[in-house]
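Keep the picture open while you read.

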Amino acid sequence: EREREDVCVLCSNFSLLCGGQPYNVNTVAEQAGLAALAHRADILPSIELLRKEKDMLFDQLKSLPWLRPVPSFANFVLAEVLSTEADTAKKVYDYLRSQGVIIRYFGTQGELPRNCTAFILSLSL
């Protein structure tokens with residue numbers, strides 16, 4: 001297993017290369033991120049706690065037969081809703097929202113933009 005990184009790098013050029021904004025980061029969030037990096041030793045215990053919580057959530061989701069969480073080193077858990085019934089993921093989203101739990105619903109995203117293939121290939125040079 002690959003060792004986890006403690007720092008992630010946001011590349012503003014990614015949105016240009018892949019034809020869209022992945023997630024907007026405003027100036028305040030950018031400054032907060034830079035401040036966190038400047039005080040890295042102070043926030044590492046919190047990061048470790050968040051990692052443990054994410055791992056626990058992943059394991060719990062994995063135990064549900066109708067979900068397939070995707071392993072990653074990201075700061076979120078992506079899970080595919082396994083069902084042949086139409087709109088099941090949307091129904092899960094709507095139910096959780098009615099319970100006060102907000103998750104990101106992606107619906108049918110389609111294929112990645114063609115530019116992303118060029119971006120990935122350029123990184124492998």
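The points below go through strands, charged pairs and a surface patch.

1. Before anything else, keep in mind that this is a predicted model.

2. Let's start with strand S1, residues 67-70.

3. Who does S1 pair with? S1 and strand S2 (residues 78-81) run antiparallel, joined over four bridges. One to look for: proline 69 has alanine 79 in S2 as its bridge partner.

4. The model has three salt bridges. One of them joins glutamate 80 and arginine 68, with the closest N and O atoms 2.1 Å apart. This pair links distant parts of the chain, as glutamate 80 is in S2 and arginine 68 is in S1, twelve residues apart.

5. Now try helix H3 (residues 40-62), where glutamate 48 and arginine 51 are three residues apart, so about one helical turn separates them. Their salt bridge has its closest N and O atoms at 3.4 Å. Is arginine 51 buried or exposed? Arginine 51 counts as buried, because its relative accessibility is 17%, whereas glutamate 48 is partly exposed at 35%.

6. Lysine 90 does two things here. Its side chain meets aspartate 94 in a salt bridge (2.8 Å, N to O), and its charged end sits over the ring of tyrosine 105, 6.0 Å from the ring's centre.

7. Finally, back to Val70: together with Phe76, Leu78 and Phe106, Val70 forms a nonpolar surface patch with about 360 Å² of accessible area.

How values were computed. Residues are numbered from 1 along each chain as its sequence is written. This is a predicted model: local features need pLDDT of at least 70, side-chain atom pairs count only at pLDDT 80 or more; totals for chains, interfaces and linings use all residues. Side-chain values use heavy atoms; hydrogens and water are left out. A charge sits over a ring if NZ of Lys or CZ of Arg is within 6 Å of the ring centre and within 35 degrees of the ring normal. Patches are made of residues with over 30% relative accessible area and no salt bridge: like charges are joined within 9 Å, nonpolar side chains (Val, Leu, Ile, Met, Phe, Trp, Tyr) within 5 Å. Accessible areas come from the Shrake-Rupley method with a 1.4 Å probe; for residues, only the protein chains shown count as cover. A salt bridge is a side-chain nitrogen of Lys or Arg within 4 Å of a carboxyl oxygen of Asp or Glu. Helices (H or I, at least four residues) and strands (E, at least two) are DSSP runs, numbered from the N terminus. Two strands pair if DSSP finds at least two bridges between them. Buried means under 20% relative accessible area, exposed over 50%, partly exposed in between (1.4 Å probe, protein chains only).
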